[in-house]
Amino acid sequence: MKHQAVAASFLLLLPLTACGGTAAAGGDGSTVTVTVGYQSRTINTVTAGTLLRSLGLFEKELGALHDGHTYKVDWQDYATGAPITAQMTAGKIDIGSMGDFPLLINAARGKQLGRPTRLVSVTGYNLRGGLNTVVTAPGSRIGSLTDLKGKKVSTSIGSAADGTLVRALRRAGVDPDKGIEKLNQQPAVGASALSAGSVDALSQFVAWPGLLAYQGKAKALYDGAQLDLPTFHGVTAREDFAEKRPAVLEAFLKAQAKTTDYLDAHPVSAAEKVAEATGLPAEVVYLYNGAHGIATFDPAIKPRLVSALKQDVSILRSAKLTGDVDVDAFVDDRYVRKALGPAYAEHLAAGPPPAASEVWTEGARQTRTFGSPEELLGHLAGHKAGIRAAYVPDATTGTLWFADRAVWVADGERSLPFVAPATAKAYTAGHPGAHVITYADALRRAS
């Protein structure tokens with residue numbers, strides 16, 4: 001008994017280590033582990049994942065708490081939001097980032113399983129929906145969504161890209177359940193299937209469409225911004241974790257805000273850091289996360305994004321992936337308001353930068369911006385060497401795309417870029433004399 005008592009006393013003196021889940025949220029020992037689930041290659045979540053981790057800002061904020069604890073961050077990388085939700089509802093992940101549709105599933109599963117979660121901030125967003133794109137193989141004869149009738153289409157069911165596919169098909173008069181053969185695949189699997197010819201199209205989220213287009217393995221069929229409905233990714237936290245460790249969650253959101261500031265101030269360096277961590281080409285990362293990229297980053301939970309989230313519920317409900325979701329109860333901006341302080345109102349009012357054409361020159365630490373696509377083409381025509389990438393915004397949706405992968409239209413003296421054939425066709429239909437030209441022709445017209 002005496003030896004047992006001594007052993008027990010000795011154990012009480014040892015530092016306790018909390019490991020994720022409830023233990024991480026409520027451990028009273030000297031070491032607390034905070035488990036963060038993120039998606040490294042879903043690059044419009046980088047301010048809450050890849051770039052945040054690379055800069056080490058969360059660890060710095062935790063180190064500044066001086067609350068008697070030593071904090072350790074366990075970063076867990078996933079391909080989609082679904083496994084992050086599974087781990088959160090099992091009490092094994094404290095904070096996670098994912099897209100708008102997975103966020104709703106996160107809310108529904110959390111409530112269902114007695115592990116409620118809360119949306120506590122936003123990472124990257126696009127007010128028109130340009131984060132999701134439907135692509136086909138480079139040589140495909142499919143020219144519109146109606147051409148997908150009876151075809152095989154790969155997507156990740158329950159993802160924002162699936163939501164875009166469903167909405168787009170409905171608008172085109174195609175039944176998303178019976179009109180196509182939908183394959184539920186991870187993004188990488190779907191990309192391989194498209195290259196192998198075993199599917200006819202792929203609907204995916206950032207950065208897969210841009211990556212495949214950059215590699216010459218796909219061409220855009222449908223620009224998600226044609227829906228003109230906001231899409232975004234955000235940060236979700238377990239409710240019990242937030243209540244027991246509010247200072248830790250606030251530290252995370254302060255670190256996210258500082259990471260966002262870094263990305264805005266150093267977009268080229270940020271793209272290169274993310275590229276190094278993920279293996280993605282920096283040129284693809286910049287397409288989405290650059291100064292005028294497809295994604296705009298801001299931690300504030302804007303009312304317009306919350307409104308869009310409410311509209312997403314019906315899509316998931318019709319797919320029988322969730323029932324009703326109380327979005328207002330799920331959204332909790334108390335922590336990010338506190339983290340951003342008086343600047344929160346400015347964040348709410350801020351919007352994306354104006355669309356612009358950009359050229360990234362070899363060795364440059366920043367891109368060069370042009371006032372119009374024609375000016376960019378003129379520069380490219382005179383500087384055919386030393387160009388890493390050139391970007392142009394779609395003439396109608398504003399979605400940024402690679403200049404040499406865009407669909408170009410000649411309209412009088414102007415050369416106008418479009419992401420997908422459908423938007424180019426819609427433009428030419430409304431502008432007599434306008435016609436599609438090749439990229440080479442667009443360059444020659446500018447020289």
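Asn126 is found in strand 5, which spans residues 117–126; strands (E, at least two residues) and helices (H or I, at least four) are DSSP runs numbered from the N terminus. The model is predicted, so local features need pLDDT of at least 70 and side-chain atom pairs count only at pLDDT 80 or more, while totals for chains, interfaces and linings use all residues. Residues are numbered from 1 along each chain as its sequence is written, and side-chain values use heavy atoms, with hydrogens and water left out.

Asn126 counts as buried because its relative accessibility is 12%, where buried means under 20% relative accessible area, exposed over 50% and partly exposed in between (1.4 Å probe, protein chains only). The side chain of Asn126 reaches the backbone nitrogen of Arg128 at 2.9 Å. Leaving aside residues up to four places away in sequence, Asn126 touches Leu131, Leu229, Pro230, Thr231 and Ile294, a contact being heavy atoms within 4.5 Å.

Pockets were identified on a 1 Å grid over the protein atoms alone, as open sets of points where a 1.4 Å probe fits, with protein on both sides within 12 Å along at least five of seven lines; lining residues have an atom within 4 Å of a point. Volumes are the space filled by probe spheres set on the points, which are joined across faces, edges and corners.

The largest pocket holds about 410 Å³ of space. Its lining comprises 25 residues, of which Thr80, Gly81, Ala82, Ile157 and Gly158 are the closest to the centre. Two or more lining residues come from each of helix 5 (82–89), strand 4 (95–99) and helix 6 (100–112), and helix 5 gives the most, with four. By class, this lining has 10 nonpolar, 14 polar and one charged residues; Ala, Val, Leu, Ile, Met, Phe, Trp, Tyr, Cys and Pro count as nonpolar, Asp, Glu, Lys and Arg as charged, and the others, Gly among them, as polar. Because domain 1 (31–126 + 231–349) and domain 2 (132–227) both give residues to the lining, the largest pocket lies between them. Domain bounds come from an automatic or database domain assignment.

The second largest pocket has a volume of about 320 Å³. Among its 21 lining residues, Lys219, Ala220, Arg405, Ala406 and Val407 lie nearest the centre. Strand 10 (219–223), strand 17 (407–411) and strand 19 (435–437) are the elements that give two or more residues to this lining, with strand 10 giving the most, three. The lining of the second largest pocket has 14 nonpolar, four polar and three charged residues. Domain 2 (132–227) and domain 3 (357–446) both give residues to it, so the second largest pocket lies between these domains.

Notes
A polar contact is a pair of N or O atoms within 3.5 Å; within protein, one must be able to donate a hydrogen and the other to accept it, and residues adjacent in sequence count only if both atoms are side-chain atoms.
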